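Hi everyone, thanks for making time today. Let me put the sequence and the structure up on the screen, and then we can walk through them together.

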Amino acid sequence: MEKKAVAEEGQEQEHDGLQIPLLTPYKLGNFQLSHRIVLAPLGRLRSFGHVPQPHAILYYSQRTTKGGLLIAEATVVSTASKGFPNVPGIWTKEQVEAWKPIVDAVHAKGGIFFCQLGHVGRAAKQGIYFFNGQGTISCTDKPVAQFSPPRRLTTDEIPQVVNDFKLAARNAMEAGFDGVEIHGAHGFLIDQFMKDQVNDRTDKYGGSLENRCRFALEILEAITNEIGANRVGLRLSPFANYMESGDSNPEALALYMAESLNKYGILYCHMVEPRMKTKGEKVECPHSLLPMRKAFNGTFIVAGGYDRKDGIKALAENRTDLIAYGRLFLANPDLPKRFKLDAPLNKYNRDTFYTPDPVIGYTDYPFLETTA
């Protein structure tokens, strides 16, 4: 797939007198996007009992525009993958049925909706979640601070976890999602396998870069075989060190994965900027995602501390195709409109990111026309 410069997708089109690369159309496989602003996957911890709730209908529909791409919050693939209270799942019939009206609401407004599939591995809240009474699972038995001690997966058990992801992808299609994004970032299970700070295995899933990435690529292959590569994306944070999951050579890891993905022909690769090493604010960093952008043949999405100005610059320089916004989109449900008008933005409130309230910090951020 040949890279398209922004200008080829209508950079010179006018939008109320503005010429903003963020608001130009883009062809994402079979999906026609009206702009380049993506809702990043954001954990909200409001799916009580791991079942998506009706209040999510309003939350996601508020952030939907015709031709806009939304990526759902991390949705876990099995009872062993939960890790935190009130994260949504998609391994039961009840969960699939609960997702359907949420997906329908996004589609009713013309949005494109992908479900992010995840497994927390050893990043599970201490004392709450265990697997068959043996603790949480990971590539290792090394614990991470403030989380439950993990149990090292045996080689024979790994195919079952791969199958959990495959079945979750099938369930996402049943729920009506347009595709799935595999969560291979931020210290979750797949990231744990890839990073040499965590992975201390001596079997075919440990040691060399190829071995450490094997688990991720087996999941990718299983899902693409199940639902089609044109409906699959993968999120990676090779430079990050979330939950003590860092790597000694993140550039090599990132490039290896970007090149490996081409063999499967997946729709997109979603990478977190090197400047976002841990949760919180961006830091100065000499590294760049540009080598990965050039190596990957599909659509490239970047995330990590972007504002309007950064996004315009990244697209104008052809460093990415799409940009995922998290905290800004959380606090500004009409973010594309605000960017279009260069209007002031609501400030996000960290204290309400993960509270269980179905309204406060969730669906009560004001739209532009309702602000004073």
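In the protein chain, 70% of the contacts with a separation of 6 or more are between residues 24 or more positions apart. A contact here means heavy atoms within 4.5 Å. A word on where this comes from: it is a predicted model, where local features need pLDDT of at least 70, side-chain atom pairs count only at pLDDT 80 or more, and totals for chains, interfaces and linings use all residues. Residues are numbered from 1 along each chain as its sequence is written, and side-chain values use heavy atoms, with hydrogens and water left out.

The protein chain has ten helices and 13 strands. Of its 372 residues, 59% count as buried. Buried is under 20% relative accessible area, exposed is over 50%, and partly exposed is in between, with a 1.4 Å probe and protein chains only. The chain exposes about 14500 Å², and carbon and sulfur atoms supply 52% of that. Those areas come from the Shrake-Rupley method with a 1.4 Å probe, and for residues only the protein chains shown count as cover.

Now, let's go inside. Which residues have the most contacts inside the largest nonpolar core? They are Y60, L117, F177, F215, I223, M257 and Y325, in a core of 82 residues. Helix α5, residues 209–227, gives the largest share of this core, with nine residues. By nonpolar core I mean a set of buried Ala, Val, Leu, Ile, Met, Phe, Trp, Tyr and Cys residues joined through side-chain atoms within 4.5 Å. Take M257: leaving out residues up to four places away in sequence, M257 touches M194, C213, A216, L217, L234 and L236. Another core lies apart from the largest one and has 16 residues, including L28, L69, I71 and L322.

Next, please look at strand β6. Seven of the seven residues of β6 are buried. I112, F114, Q116 and G118 point one way from the strand, while F113, C115 and L117 point the other way. Which strands pair with β6? Strand β4 does, in the parallel sense over three bridges, and I112 in β6 is the bridge partner of L69. Strand β5 pairs with β6 in the parallel sense over two bridges, and T75 stands opposite L117. Strand β9, residues 179–184, pairs with β6 in the parallel sense over four bridges, with E181 as the partner of Q116. For pairing, DSSP has to find at least two bridges between the two strands.

On to helix α2, residues 93–108. This helix has 16 residues and reaches 23 Å from its first C-alpha to its last, close to the 22 Å expected at 1.5 Å a residue. That expected span is 1.5 Å times one less than the number of residues. The buried residues of α2 include Q95, W99, I102 and V106. An α-helix has 3.6 residues a turn, so residues three or four places apart point the same way. What covers the buried residues of α2 includes α1, β4, β5, β6 and α3. Just after α2, G110 takes a positive phi of about 85 degrees.

H50 has a phi near 65 degrees and is found in the loop between β3 and α1. Is H50 buried or exposed? H50 counts as buried because its relative accessibility is 8%. D342 has a positive phi of about 55 degrees and lies in the segment after α10. D342 counts as exposed, at 51% relative accessibility.

Last stop: charges. The whole structure has 16 salt bridges, each a side-chain nitrogen of Lys or Arg within 4 Å of a carboxyl oxygen of Asp or Glu. R201 and D203 form one, with the closest N and O atoms 2.8 Å apart; R201 is buried at 6%, and D203 is partly exposed at 23%. K337 and E369 form another, at 3.6 Å. K337 lies in helix α10 and E369 in the segment after α10, so the pair ties together parts that are 32 residues apart in sequence. Finally, salt bridges that share partners join K93, E97, K100 and E174 into one network.
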